[in-house]
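Colleague: I have a model open and would like to go through some of its local details with you. Can you bring it up on your side too?

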Amino acid sequence: MRVLSVVLAGGSGSRLWPLSRHTFPTPFMKLGGAPLLQQAIERGQACGTRDLMVVTNKDHVFLARSVLRQMTAAPDATLLLEPQGRNTAPAIALAALQCIQQLGGDTVMLVLPADHLIPDVDAFAASARPAFDLAAQGSLVVFGISPTTPDTHVDYVEVAQVSREAQPATGFVQTPDLATAQACLATGRHYWNSGIFCFTADAIVAAFEQHAPAVLAAARQALGSSRTAGDAIEFDAATFGLQPDVGLDEAVIAKANNVQLVPASFGWSDVGSWPAVANAHASDASGNTLPADAISIDTTGTHVHIESHGPKLVATVGIHDLVIVDTPDALLVAHKDSAQKVQDVVQDLRARSHEVVHLPATVHRPWGTYASLKEEDGYKVKRITVKPGESLSLQYHHQRAEHWVVVRGTAIVQIGEVEHRTLPGEYRYIPLQEKHRLTNIGQDELVLVEVQCGGYLGEDDIVRLADTYGRA
């Protein structure tokens, strides 16, 4: 039996703002010691999968490749690059059609969202084995989680009787209100739908044909006009945008009569909210999940997460059941009972066109990262890192000059037509409107401190003349 892991690494993760941003969404966050995307890939590997397909936004392809490069035993991957989000049904339809072309229709697809925390990988693999067998026999398999609360942010799957064994699904309840969720819990016949699926490519395509033919037709059109470049499949934006924005559950799973539920024997969190993140961490005797060096006095049930450019001591006094998330450019303080309303904050920020919803404090680029350390009228200070062998675009600025000091590594700094080998402690000045480029020629990460001086310091004041990554 050949099994393909299909990892869904899209979405914006707005419920985990301010840590998750539009350009750095939840799948690339480190929780539990590694990026969630890496954990999803390793989950599939633990089940013996030989092949990997990752569905992600085209703007995040360098993040996905970075995760794969950092893994000690990453499988070869096919990357399906979405020009825009189109929910899980189109993503899975595209993956299934590509799987048929690439591996054959009898390949079992294990669909793994990249925003889950499942600490016990062995337990997950044990649950996956019967799912593979059922999928090979033509079933559409969903993994069910025993519900612990009347959660209104998950879907419910009904069965005849709760059991340790797999059994047919008899009904579905999608994102219920509180009363309905409480009723589902009271019956003892419902599971949470984990969003983890298993089926053969042929079986899911047949289900699309029967229950959501428009989704399948649009996916075929999008794949037919796609372009393959190395490990990636890129889609035409106009054709891709014709796909319906619908989830797999609504489009297919809730309508099909060959759905089997496999009860999960593993701990699971969809890390869809800050309280869910807190629950995934070990708490102290007062129910707090805090940094190791934090000071807490008369504090209970509180989660604190700190992202800082330097050491920062946190002290909490007299607070209870709060979520505090501090990043260099944003601070969130919320009661756990209202944590889902973080999405409302993100919507408000989008209405204001505030960049804090799009860019994280440390911005990731194909060549490395940059972080703004200080900004006032007339100047901005940045920390820039460049990966070995990588370089920024050849560029110039209309409204600012720049001062560069290398603090780690070995750089080639091009200013005009002249290239300067630059070592730690050495300084280079880039005048206004002078073309320039930064390249890391060393074996280690290059770290540079940049001071920008000018009347306008926005990121859009960049004129690219040449670029390794096709952005010119």
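Colleague: Where is the place of aspartate 298?

Modeller: Bearing in mind that this is a predicted model, aspartate 298 sits in the loop between strand S15 (295–297) and strand S16 (303–306). Its phi is near 50 degrees, which is a positive value in a residue other than glycine, and at 53% relative accessibility aspartate 298 counts as exposed.

Colleague: And glutamine 433, what is its phi near?

Modeller: Phi of glutamine 433 is near 65 degrees, again a positive value in a residue other than glycine. Glutamine 433 belongs to the loop between strand S27 (427–430) and strand S28 (436–440), and with a relative accessibility of 48% it counts as partly exposed.

Colleague: While we're on backbone geometry, is the peptide bond from tryptophan 17 to proline 18 cis or trans?

Modeller: That bond is cis, with omega near 10 degrees, and proline 18 is placed in the loop between strand S1 (3–9) and strand S2 (30–31).

Colleague: Switching to charges, how many salt bridges does the count come to?

Modeller: The count comes to 16 salt bridges. One of them joins aspartate 51 and arginine 2, whose closest N and O atoms are 2.8 Å apart. Aspartate 51 lies in strand S4 (residues 51–57) and arginine 2 in the segment before S1, so this pair ties together parts that are 49 residues apart in sequence.

Colleague: What about aspartate 329 and arginine 21, where do those two lie?

Modeller: Their side chains meet in a salt bridge at 2.8 Å, N to O. Aspartate 329 is in the loop between strand S18 (322–327) and strand S19 (330–335), while arginine 21 is in the loop between S1 and S2, so the pair ties together parts that are 308 residues apart in sequence. Aspartate 329 is partly exposed, with a relative accessible area of 38%, whereas arginine 21 is buried, with 1%.

Colleague: Which residues are linked with Lys380 in a network of salt bridges?

Modeller: The network links Glu375, Lys380, Lys382 and Glu459. Within it, lysine 380 forms a salt bridge with glutamate 459, the closest N and O atoms being 3.9 Å apart.

Colleague: Last topic, helix H7: which of its residues are buried?

Modeller: Those are Val215, Leu216, Ala218, Ala219, Ala222 and Leu223. They cover an arc of only 165 degrees around the axis, which puts them on the same side of H7. The face of H7 turned away from that buried side carries the exposed residues Ala214 and Gly224.

Colleague: What do the buried residues of H7 pack against?

Modeller: They pack against helix H3 (88–102), helix H6 (201–211), strand S13 (232–234) and helix H8 (237–240). As for H6, its own buried residues pack against several elements, among them H3, strand S6 (108–113) and H7. In strand S6 you will find valine 111, which counts as buried at 0% relative accessibility.

Technical notes:
Residues are numbered from 1 along each chain as its sequence is written. This is a predicted model: local features need pLDDT of at least 70, side-chain atom pairs count only at pLDDT 80 or more; totals for chains, interfaces and linings use all residues. Side-chain values use heavy atoms; hydrogens and water are left out. Buried means under 20% relative accessible area, exposed over 50%, partly exposed in between (1.4 Å probe, protein chains only). Helices (H or I, at least four residues) and strands (E, at least two) are DSSP runs, numbered from the N terminus. The arc is that of the directions from the helix axis to the C-beta atoms. Contact means heavy atoms within 4.5 Å. A salt bridge is a side-chain nitrogen of Lys or Arg within 4 Å of a carboxyl oxygen of Asp or Glu.
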